Amino acid sequence: MAVVNVLNIVGDSTISWDDAIHKAVQEASKTVKNISGIEIKNQTANVKDGKIVEYKANIEIAYRVDGNNL
């Protein structure tokens, strides 16, 4: 039987939501092993003077638990 844990994280970027998502997964993969998938839960942005200045993506990262993940 496989056991999968889900980690909620927020990625941010000044470039795009796509970049925010990629950065979040890349950073999580430094400490979390066996990442098997992600779900994008929400995308938001900070606006200044009518322009987007920061993109944020709330994501869930699923990873298989084997006792050596963290």
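Which side chain meets Lys-41 in a salt bridge? It's Glu-39, at 3.4 Å, N to O. By salt bridge I mean a side-chain nitrogen of Lys or Arg within 4 Å of a carboxyl oxygen of Asp or Glu.

Quick housekeeping. This is a predicted model, so local features need pLDDT of at least 70 and side-chain atom pairs count only at pLDDT 80 or more, while totals for chains, interfaces and linings use all residues. Residues are numbered from 1 along each chain as its sequence is written, and side-chain values use heavy atoms, with hydrogens and water left out.

Okay, back to the pairs. Lys-41 counts as partly exposed because its relative accessibility is 46%, and Glu-39 does too, at 41%. The cut-offs: buried is under 20% relative accessible area, exposed is over 50%, partly exposed is in between, with a 1.4 Å probe and protein chains only. The salt bridge count comes to four. Among them, Lys-30 meets Glu-27 at 3.1 Å, N to O. Lys-30 is exposed at 55%, and Glu-27 is partly exposed at 48%.

Now helix H1, residues 17-28. Helices here are DSSP runs of H or I, at least four residues, and strands are E runs of at least two, numbered from the N terminus. The buried residues of H1 are Ala-20, Ile-21, Ala-24 and Ala-28. They sit on the same side of H1, because they cover an arc of only 100° around the axis, taking directions from the helix axis to the C-beta atoms. What do they pack against? Strands E1 (4-13), E2 (35-48) and E3 (51-64), with contact meaning heavy atoms within 4.5 Å. Over on the other side, His-22 and Gln-26 are exposed.

Definitions and conventions: The expected span of a helix is 1.5 Å times one less than its number of residues.
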